[in-house]
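Welcome, and please open your viewer.

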Amino acid sequence: MNQTHISPSGRAKWSKVLTPNMKFADDKKPYGTFEQDLILTQEAATPLIRLLTDLDNANFAQAASDALKSHQEKGGKGVFKDAADFARKKKIERNPLPFKPEVDENLEETGGIVFKFKEDAKWVRKSDGKEWDMTPKVVNAKNKPWDNSIEIGNGSIIKVAYEVSPYTKPCCGVSIKL
């Protein structure tokens, strides 16, 4: 089971946690996604960057090792020093980490780091069609339910509860889910 983490306080940007973002909804994901961008100072961001980087590196190392083992079991050709060498030569791809430097309207870096948290609005199990609503729990500073008639504006000071979710298909990476 994934471990839940709580971010440090930061500035909200592009809050879509009260209603799902439907901009990229399609036949595969018709319910949209809940999304939250969180801007942290470099100092506040450092532990989260380290966590994501370490988990991403471990996930990639495991995926490369599994791919090399599968290659060898199938009688694949080639000589490789180790799993990292195999991954390089076979061009196993990695997705970028879910954060980047914040930029202003002039595309100048501000010193902040933007983290992108996402979650599908609904999960549907393929085998039997069972559905789970994934609406995030939103509370105020006193841990009372949020009044959904009030939008969360850019610049609001927030914390985000999240899980880090490693994945290997179609590429290797980690996501941070609400």
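Start by selecting Asp-26, which sits in the loop between S2 and S3. Keep in mind as you look around that this is a predicted model. Is Asp-26 buried, exposed or partly exposed? Its relative accessible area is 42%, so Asp-26 counts as partly exposed, the class between under 20% (buried) and over 50% (exposed).

Now show Lys-29 as well: the side chain of Asp-26 reaches the backbone nitrogen of Lys-29 at 2.8 Å. Asp-26 and Lys-144 lie 34 Å apart, C-alpha to C-alpha, with a separation of 118 residues in sequence.

Next, head for the largest nonpolar core, which has 20 residues. Select Leu-48, Leu-52, Phe-115, Phe-117, Tyr-162 and Ile-176, the members that touch the most others. Which elements each supply at least two residues of this core? They are strands S2 (10-21), S3 (33-41), S5 (109-120), S9 (161-167) and S10 (173-177), together with helix H1 (42-73). H1 gives the largest share, four residues.

Stay with Ile-176 for a moment. Beyond its neighbours within four places in sequence, Ile-176 is in contact with Leu-52, Pro-98, Phe-115, Lys-116, Phe-117, Lys-118, Tyr-162, Glu-163 and Val-164. Then move to a second, separate core of nine residues, with Ala-63, Ala-64, Leu-68 and Phe-86 among them.

To finish, colour the chain by pLDDT. The chain mean is 90, and 99% of residues reach 70 or more.

Note on methods. Residues numbered from 1 in each chain as written. Predicted model: local features only at pLDDT ≥ 70, side-chain atom pairs only at ≥ 80, totals over all residues. Heavy atoms only, no water. Core = buried A, V, L, I, M, F, W, Y, C linked by side-chain atoms within 4.5 Å. Buried < 20%, exposed > 50% of the residue type's maximum accessible area, 1.4 Å probe, protein only. Contact = heavy atoms within 4.5 Å. Polar contact = N/O pair within 3.5 Å; in protein donor to acceptor, adjacent residues only side chain to side chain. pLDDT = per-residue confidence, 0-100.
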